[in-house]
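Q: Please take a close look at one pair of aromatic rings in this structure. Where does the pair sit, and what lies around it?

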Amino acid sequence: MNEIPSGKFYPIPFWGPIVVGTLLGCGGMFLPFDKGLKSIENGSPWPLQSSFYAAFTYHILAHDPNFKKYTNLSLSEESARFGVVVGIVLIALLQTFFGDDFNPFRPVHNFMYVVTGIRSGRVNSKKTEVKKNQKKNK
């Protein structure tokens, strides 16, 4: 099998593996194909975000020579995979206790929305909306 060669500015192919990993992690969101991009028209839901974070983290930890060089941390592919799985499971457990719309990266997202001037497309989960309505009715 042939590998895609790295570009002239970075020692490894960078965005290709991350994009492919993201699509493999959340590709079902776009099926059937007649739905188009309706699943992300109100912002990127957690399945899309988690697959991006997992692909990005795994690629950096397992394959990026600059990460290994600057952190003096050398992880095997198995260790990187285990770390990503543990992170996703921990976030799923936190979502169980704090609600479906819990996202540990929300402060970063909010900061980036302010810096870039892009409006947040975040939509609350049904559980959160029900809780808000219950508080209003009390």
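A: Phe52 and Phe56 both lie in helix α2. They are four residues apart, about one turn of the helix. A helix here is a DSSP run of H or I with at least four residues, and a strand is a run of E with at least two; both are numbered from the N terminus.

The model is predicted, so local features need pLDDT of at least 70 and side-chain atom pairs count only at pLDDT 80 or more, while totals for chains, interfaces and linings use all residues. Residues are numbered from 1 along each chain as its sequence is written, and side-chain values use heavy atoms, with hydrogens and water left out.

Now the rings themselves. The count of aromatic pairs comes to eight. Phe52 and Phe56 form a stacked pair, 5.9 Å centre to centre with 25° between the planes. (Rings of Phe, Tyr and Trp, the last by its six-membered ring, pair if their centres lie within 6.5 Å; planes under 30 degrees apart are stacked, over 60 edge-to-face, the rest tilted.)

How exposed are Phe52 and Phe56? Phe52 is partly exposed, because its relative accessibility is 30%. Phe56 is partly exposed too, with a relative accessible area of 30%. (Buried means under 20% relative accessible area, exposed over 50%, partly exposed in between, with a 1.4 Å probe and protein chains only.)

Phe98 counts as exposed because its relative accessibility is 55%. Phe102 has 23% relative accessibility, so Phe102 counts as partly exposed.

Phe52 and Phe56 belong to one aromatic cluster, together with Tyr10, Phe14, Trp15, Trp46, Tyr53 and Phe105.

Leaving aside neighbours within four places in sequence, Ile18 is in contact with Phe52, Ala55, Phe56 and His59. (Contact means heavy atoms within 4.5 Å.)

His59 deserves a stop. His59 lies in helix α2 as well. Its relative accessible area is 6%, so His59 is buried. With neighbours within four places in sequence again left aside, His59 is in contact with Ile12, Pro13, Phe14, Pro17, Ile18 and Asp64.

Asn72 is found in the loop between α3 (65–71) and α4. It has a positive phi of about 55° although it is not a glycine. Asn72 counts as exposed because its relative accessibility is 72%.

Last, the whole chain. The protein has six helices and zero strands. From the N terminus on, its elements run α-α-α-α-α-α. Of its 138 residues, 24% count as buried. Among contacts with a separation of 6 or more, 51% come from residues 24 or more positions apart.
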